[in-house]
Amino acid sequence: METQLDPMKDDLPLMANTSYMLVKHYILDLDVDFKSKVIDGIIVLFFETGSRYRKTSSTGKEGCQSQFDETCKTRASELCHIPVTNVSACSSKMEYNDFAVCGKGEEDTSNKNGNHSNKEQASGISSSKDCCDIENHGNKDFLLVLDCCDLSVLKVEEVDIAAVPGIEKFTRSAKLTDVSKELENLRNQIVHELVTLPADRWKEQLYYFTRCSQAPGCGELLFTTGTWSLEIRKSGIQTPTDFPHAIRIWYKTKPEGRSVTWTTDQSGRPCVYTMGSPINNRALFPCQEPPVALSTWQASVRTAAGFVVLMSGENSAEPVQLQEGILSWYYYVTMPMPASTFTIAVGCWQEVKQQSFTAAIQTNVEFSLPSSQADFRWHEEICRHVEYPCRFQNPAARLQAVIPYRVFAPWCLMECCEERLLQLIPQCLSAAYTTLGTHPFPRLDVLIVPSNFSSLGMA
């Protein structure tokens with residue numbers, strides 16, 4: 001039996017086997033339904049082979065295989081794979097427009113029509129000793145383990161990214177010798193080339209990530225759900241190197257999921273936001289929680305008109321109307337960060353803006369520092385983090401004492417925010433710049449959350 005943990009007292013279990021497979025990029029394509037209090041859709045994950053297996057494989061597979069075997073013996077779970085039919089290759093068609101993926105061209109109604117199914121867990125979780133066995137050969141399949149909780153996983157499949165037009169530009173360095181595994185190796189090689197693109201090609205990278213996320217599926221994968229994990233395997237695949245490096249997961253959140261709060265704002269309008277602290281984002285999407293798991297992401301979120309979608313993205317998203325009454329919002333992140341830093345808030349927020357254009361100009365002038373006072377501490381320093389478009393190496397960013405910001409609030413607090421908050425934020429940002437130096441992020445959204453917001457952030 002799995003150990004029952006109290007998130008308020010016990011440390012969260014780190015189930016994901018990041019040393020064998022490491023997520024480098026997520027693409028989320030979600031619908032927010034306030035009637036059912038469910039967020040449902042698709043997540044596509046792009047992987048690199050983990051560091052432990054790369055080290056082990058040079059001397060042999062035994063150490064790695066023993067770890068796989070031990071995982072199979074100790075992790076208690078119930079097989080939940082149910083074949084599904086009539087499912088489109090991808091639930092959305094996202095368009096490429098200045099690297100802003102702006103919507104869904106075709107609605108995927110398969111889950112609404114009952115074609116998807118998920119075998120919910122019973123009162124306990126039974127151990128399956130055959131969970132890793134290959135039926136015909138008696139060997140062990142490799143298990144990809146993701147952290148998740150309070151999610152209904154509907155389907156998992158491999159993504160045929162080799163079918164993406166123009167993707168052949170990422171296959172030039174591929175060295176394929178085994179004809180039987182040629183196509184699988186090709187797909188994994190494409191992912192490797194894509195996730196290792198230089199930082200100055202980040203726009204191209206996001207574009208091809210998007211295109212790959214829309215590629216058709218090329219085979220369902222078996223999956224197992226537990227209280228704290230999602231385990232995925234492909235029959236006959238025994239090593240992380242051969243395991244699909246791009247997979248697509250159909251899933252739904254649950255109204256009682258502990259990563260999001262469905263409530264009302266101060267004006268009595270419905271809203272939902274991520275809480276984060278109890279179980280991080282495990283009840284929002286399958287992810288990897290260990291500290292080594294730093295990744296980038298893109299997200300398209302659809303909801304009814306009248307609602308605003310805010311996220312911890314680097315761009316200031318503007319809604320795109322897909323059809324009457326439905327808006328889509330798109331955000332992205334190019335700095336690799338933990339999955340727990342993904343935040344989302346959807347509600348009938350109003351943007352609080354400066355009423356006076358002169359006041360806005362005055363604010364910018366007041367907090368723009370002359371070059372002699374600007375932060376040059378990073379000018380000759382070399383950042384030692386993984387490569388990404390770093391603002392510390394951007395001269396213009398180093399001079400920016402006040403980054404662009406937006407303020408959102410329920411309508412009943414608009415006047416108060418305009419009178420008090422708008423004048424306070426630039427002072428806070430300037431003080432942070434003076435004390436800490438260059439802002440690591442290019443912008444800021446400030447949301448006045450409901451009074452029942454219980455999260456204490458990273459505390």
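Two strands count as paired when DSSP finds at least two bridges between them. Keep that in mind for these close-ups of a predicted model.

**View 1. Eight strands line up in an open sheet.** Reading across, the order is E8-E7-E11-E2-E1-E14-E17-E16, and the pairing is mixed. Strands E8 (217–220) and E16 (320–323) sit at the edges with a single partner strand each, so one side of each has no neighbour in the sheet. On average, neighbouring strands are turned by 25 degrees against each other, direction ignored.

**View 2. Here E1 meets E14.** Strand E1 (residues 21–33) and strand E14 (residues 295–304) run parallel, joined by seven bridges. Look for Asp-29, which stands opposite Ser-300 in E14. Helix H3 (residues 182–195) packs on the sheet, touching E1, E2, E7, E8 and E11. The direction of H3 makes about 90 degrees with that of E2.

**View 3. Phe-34 and Phe-307 form a stacked pair.** Their ring centres are 4.3 Å apart and their planes are at 10 degrees; planes under 30 degrees apart count as stacked. Phe-34 comes from the loop between E1 and E2, and Phe-307 from the loop between E14 and E15, so the pair ties together parts 273 residues apart in sequence. Both Phe-34 and Phe-307 are buried.

View 4. Phe-142 and Phe-243 are 101 residues apart, and both are buried.

**View 5. Lys-155 lies over the face of Trp-250.** The distance to the ring centre is 4.6 Å.

Definitions and conventions. Residues are numbered from 1 along each chain as its sequence is written. This is a predicted model: local features need pLDDT of at least 70, side-chain atom pairs count only at pLDDT 80 or more; totals for chains, interfaces and linings use all residues. Side-chain values use heavy atoms; hydrogens and water are left out. Helices (H or I, at least four residues) and strands (E, at least two) are DSSP runs, numbered from the N terminus. Axes are lines fitted to C-alpha atoms, for helices over the stretch in contact, and angles run from 0 to 180 degrees between N-to-C directions. Contact means heavy atoms within 4.5 Å. Rings of Phe, Tyr and Trp (its six-membered ring) pair if their centres lie within 6.5 Å; planes under 30 degrees apart count as stacked, over 60 as edge-to-face and the rest as tilted. Buried means under 20% relative accessible area, exposed over 50%, partly exposed in between (1.4 Å probe, protein chains only). A charge sits over a ring if NZ of Lys or CZ of Arg is within 6 Å of the ring centre and within 35 degrees of the ring normal.
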